[in-house]
Amino acid sequence: MDRSFPDGFLFGAATASYQVEGGAKQDGRGPSIWDTFSHTPGKVKFGHTGDVACDQYNLYRNDIALMKNMGLQAYRFSISWSRVMPSGRGAVNAKGLDYYRRLINGLLEADIQPWVTLFHWDLPQALEDDLGGWRSRETSGYFGDYCRLIASEFGDLVKNFMTINEFVCFTDAGYCSPGQVFAPGVTLDYKGRNQVRHNALLAHGLGVQAIRDAAPDAKVGFAENPTICVPVIATEENIIAARTAFREKNAHFLTTVLEGQYPDFYLEEQGADAPDFTDADMKIIASPVDFAGINLYLARHVVADSGSGRGYRILQHPASYPQMHAPWIKVSPEITYWAPRFLSEIWGVKAIYLTENGCACDDVVDQSGEVNDTDRIFYLRNHLYQALRAAEEGIPILGYFCWSLLDNFEWADGYTYRFGIVHVDFETLKRTPKLSSEYLRQVISANRVL
Ligand code: NOJ
């Protein structure tokens, strides 16, 4: 049986500006909330910051060559809003735009498609200071302006844009978190959080509209990390329960964007804390996207439960559940099948990209200078099989981006977790491709899971 990936299936790798660029003060870049947060004692492990990170700002040519050697067909990276608009609005920093133009042209010369994320959490600090960041809907408007700038500058070269990466990681985790605390590290009540979520939804919609206007030939989507509900045992009744759970647990972003309205159960559940919004807002939020990007890391296992009111129950991961080096990465390759399947079954999504998948491993450079990350290969292989399974069933998965190209600044965990298929020595910035990058190279060249 021919088990190749479908023709045109795209293989890439992903990164984000604050995690890899460095050059924090170079060429007129303004500070972002992650600069401030990482420089605030106690916020990031060991006081690590993204000041230098992988220094991709200066070493991008080198990184393009690495990608070329691996046969990568696409590179998903994000633009630092405060590098191109140091205050988030108004003045544009030409040197910042020049950098991205050099990067994009370098990729195109190497035959690698640039896939651009507009917002991967590094909000310009000035918008936080002057407006309260995502607490203000003015920020959503400025995001639209910034998207227009990028799309008009690069729309002739970039054919795929993602508005926003992982919604809850800057809304809930940034402005209202009992758990993980990310920049700006503010604690609002639920009403405040829901308004922040709403403003971010609005920003997404304004971003889609601005990109469409300024770059009519480009495709626009998002890169979201849904709560991935999967049937713990794939019986018909558990599949129905997991599908219901998938729609409900993602009400605050996917469901609202793809249905064009807040679902009734969400508004009821939030009660007096429900966000304030207008019909005009909802029309903007409902702006059609060309593709859905999903980031895949861990499963919520669901069983049907008619006694629970909603018809499902989510099981806890037992203490001995297999995990990778970052303890939250529970090994659950089946998400790479079920998430696309539910996107297509619930909302009829016609184009799905797996915009992130990968894991942290305890990588070491051995005496011969090699990083033999057989654990990451195990992890990737299992996910790729599930992607293939979905594609073989006709679910419209069009590409896969590995997170990440490089070991990088892992947010509040600093440099303590390595997600790269290329090792980075953070003292010398030396790059060492890991065995997993050779694995991916072979997979891409064979167009099959190996
Ligand atoms: C998803 C985020 O988009 C990315 O920034 C992060 O590094 C990875 N998950 C791993 O945690």
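## Glu166

The model is predicted. In it, Glu166 sits in the loop that runs between β4 (160-165) and α8 (172-175). With a relative accessible area of 8%, Glu166 falls under the 20% cut-off and is therefore buried.

Beyond its neighbours within four places in sequence, Glu166 is in contact with Trp121, Ala223, Glu224, Asn225, Asn295, Tyr297 and Glu356. Ser287 is 121 residues from Glu166 in sequence, and their C-alpha atoms are 18 Å apart in space.

## Nonpolar core

The largest nonpolar core has 152 residues, of which Trp34, Trp134 and Phe143 touch the most other members. Helix α9 (residues 190-214) makes the greatest contribution to this core, with eight residues.

Apart from neighbours within four places in sequence, Trp34 is in contact with Tyr18, Val44, Trp121, Asp122, Phe182, Ala183, Phe409, Trp411 and Ala412. Trp121 is also among the contacts of Glu166.

All five residues of strand β1 (residues 10-14) are buried. In a regular strand, side chains alternate between the two faces of the sheet. In β1 both faces are covered, with Leu10, Gly12 and Ala14 buried on one side and Phe11 and Ala13 buried on the other.

Strand β1 runs parallel to strand β11 (residues 397-403), to which five bridges join it; here Gly12 stands opposite Phe401. Strand β1 is also parallel to strand β2 (residues 74-78), with three bridges between them. The bridge partner of Ala14 in β2 is Arg76.

## Helices α7 and α5

Helix α7 (residues 137-154) has 18 residues, which at 1.5 Å a residue should span 26 Å; the end C-alpha atoms are 26 Å apart, so the two values agree. The buried residues of α7 are Thr139, Ser140, Phe143, Gly144, Tyr146, Cys147, Leu149, Ile150, Ala151 and Phe154. Among the elements that cover them are α4 (81-84), α5 (94-109), β3 (113-119), α6 (125-131), β4 and α9.

Gly96 is placed in helix α5. Its relative accessible area is 0%, so Gly96 counts as buried. Leaving aside neighbours within four places in sequence, Gly96 is in contact with Arg83 and Val84. Arg29 is 67 residues from Gly96 along the chain, and the C-alpha atoms of the two are separated by 6.9 Å.

Strand β8 (residues 299-305) pairs with β9 in the antiparallel sense over five bridges. Within that pair, Val302 stands opposite Ile314.

## Helix α14

What does α14 meet in α15? Ile335, Thr336, Tyr337 and Trp338 in α14 meet His383, Gln386, Ala387, Arg389 and Ala390 in α15. By class, this contact has five nonpolar, three polar and one charged residues.

The axes of α14 (residues 335-347) and α15 (residues 374-392) come within 7 Å and cross at roughly 35°.

Methods:
Residues are numbered from 1 along each chain as its sequence is written. This is a predicted model: local features need pLDDT of at least 70, side-chain atom pairs count only at pLDDT 80 or more; totals for chains, interfaces and linings use all residues. Side-chain values use heavy atoms; hydrogens and water are left out. Axes are lines fitted to C-alpha atoms, for helices over the stretch in contact, and angles run from 0 to 180 degrees between N-to-C directions. Helices (H or I, at least four residues) and strands (E, at least two) are DSSP runs, numbered from the N terminus. Contact means heavy atoms within 4.5 Å. Ala, Val, Leu, Ile, Met, Phe, Trp, Tyr, Cys and Pro count as nonpolar, Asp, Glu, Lys and Arg as charged, and the others, Gly among them, as polar. Buried means under 20% relative accessible area, exposed over 50%, partly exposed in between (1.4 Å probe, protein chains only). A nonpolar core is a set of buried Ala, Val, Leu, Ile, Met, Phe, Trp, Tyr and Cys residues joined through side-chain atoms within 4.5 Å. Two strands pair if DSSP finds at least two bridges between them. The expected span of a helix is 1.5 Å times one less than its number of residues.
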